[in-house]
Amino acid sequence: MRTLLLAFAFLFSLQAAAWDRGKVERFATLPAGAANPEGIAVDRRGNVYVGTFAVTGAPPGRLFVFDDDGDFKRELNPTGSSNLLLGVDFNHWNGDLLVVDFGNKTVLKVDPRTGAASVFTTIPGSTAAGPNAIAFDRDGNVYISDSFQGIIWRTGPEGGAPTAWVTHPLLTTAGFPPFGANGLDFNRRQDALFVANTGDDRVIRIPVSSAGVPGIPEVFTQAINGADGLIVDGDDNVWVTANQADEIVVIDPTGKAIAKLGDFDGLRHGAPDGLLFPASLARKGDWIYVTNLALDLRLFGLPQSVDSQWAADVTRHTISRLRARIPR
């Protein structure tokens with residue numbers, strides 16, 4: 001009897017120690033025919049802006065706007081854009097809506113009402129360039145990750161020619177999926193910039209001096225399967241989408257994983273239930289919003305991944321959300 005009770009207590013302790021993965025709900029569904037939501041941002045009124053990385057689509061790019069209840073409001077087609085849009089964000093400094101146009105190797109300044117767009121900056125490197133995500137410092141300077149050249153580019157708040165703020169091998173990859181530097185964000189004191197490296201399954205920390213000068217990049221944490229979108233909360237916890245594990249991993253300031261949120265529960269009427277290839281995330285109030293990129297990497301001639309067949313079967317593309325809390 002004593003042995004049985006000890007065994008039961010052991011099993012109970014294991015169950016109690018398991019991750020509380022939170023509850024993922026569907027926030028919005030893209031209009032019929034729209035595919036592969038990637039970049040995401042929330043404006044001051046709670047409207048959610050989502051761009052698409054539509055590999056099988058055609059120009060111009062598509063940017064969808066939803067209200068804070070997930071109801072569709074309008075579609076924007078940024079002037080002169082390709083169909084491959086990535087990072088989307090608002091600069092707190094001046095309110096500009098910036099959108100990364102991966103296909104044209106540019107960042108666009110987009111009118112959030114009409115979609116009229118102008119080139120904010122062009123990333124050097126021609127076809128070797130891989131502009132991906134954007135972040136801002138407290139002065140409104142813009143930082144752009146380059147997934148292929150291993151560079152963090154920097155411009156002022158008004159754009160123009162970028163400078164290579166950091167170039168380092170830790171920002172490149174020979175891994176899978178073949179994107180190096182991806183999502184990025186500053187901590188609260190802005191003495192460090194955190195950068196996801198998708199192919200290496202890592203988060204890289206770049207020290208920053210009080211004068212804004214970058215130090216030598218270092219590995220902050222690793223083993224995040226397909227580290228993609230990244231944001232830092234007010235407690236300096238780093239939230240990272242793991243696009244090959246269909247989850248969000250929360251890392252504390254010491255580099256320790258303290259939560260794993262979300263999961264993929266199959267398709268329901270052609271739409272992901274939970275997270276499927278989660279790409280980017282944004283926070284507004286008590287909610288974290290996540291795009292389900294649901295990208296079949298075989299479209300690029302890449303090997304099949306764990307979600308390839310599921311992604312190929314998606315007929316309606318979605319945005320998910322979950323409470324912005326770290327379970328105890």
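Student: What order do the strands of the open sheet take?
Tutor: The order is β6-β7-β8-β9, 4 strands with antiparallel pairing. Strands are DSSP runs of E, at least two residues long, numbered from the N terminus. Two strands pair if DSSP finds at least two bridges between them. This is a predicted model: local features need pLDDT of at least 70, side-chain atom pairs count only at pLDDT 80 or more, and totals for chains, interfaces and linings use all residues. Residues are numbered from 1 along each chain as its sequence is written, and side-chain values use heavy atoms, without hydrogens and water.

Student: Which strands are at the edges?
Tutor: β6 (85-90) and β9 (117-122). Each pairs on one side only.

Student: What does the twist average?
Tutor: 25 degrees from one strand to the next.

Student: How many bridges join β6 and β7?
Tutor: 4, in the antiparallel sense, with β7 at residues 97-101. Valine 88 has valine 99 in β7 as its bridge partner.

Student: Switching to the backbone. Which peptide bond into proline 60 is cis?
Tutor: The one from proline 59, with omega near 0 degrees. Proline 60 sits in the loop between β3 (48-52) and β4 (63-66). The bond from phenylalanine 176 to proline 177 is also cis, and its omega is near -10 degrees. Proline 177 is in the loop between β13 (159-167) and β14 (181-186).

Student: What is phi at aspartate 201?
Tutor: Near 60 degrees, so positive in a non-glycine residue. Aspartate 201 is in the loop between β15 (192-197) and β16 (202-207).

Student: Is aspartate 201 exposed or partly exposed?
Tutor: Partly exposed, because its relative accessibility is 22%. Buried means under 20% relative accessible area, exposed over 50%, partly exposed in between (1.4 Å probe, protein chains only).

Student: And what about histidine 269?
Tutor: Its phi is also positive, about 55 degrees. Histidine 269 lies between β22 (264-268) and β23 (271-274), in the loop. At 76% relative accessibility, histidine 269 counts as exposed.

Student: Last topic. How many residues line the largest cavity?
Tutor: 14, and among those closest to its centre are Glu38, Phe179 and Asp228. A cavity is a set of points on a 1 Å grid over the protein atoms alone where a 1.4 Å probe fits but cannot get out, and lining residues have an atom within 4 Å of a point.

Conventions: 1 Å grid on protein atoms, 1.4 Å probe; cavity = no way out; pocket = protein on both sides within 12 Å on 5 of 7 lines; lining within 4 Å. Axes fitted to C-alpha atoms, helices over the stretch in contact; angles between N-to-C directions.
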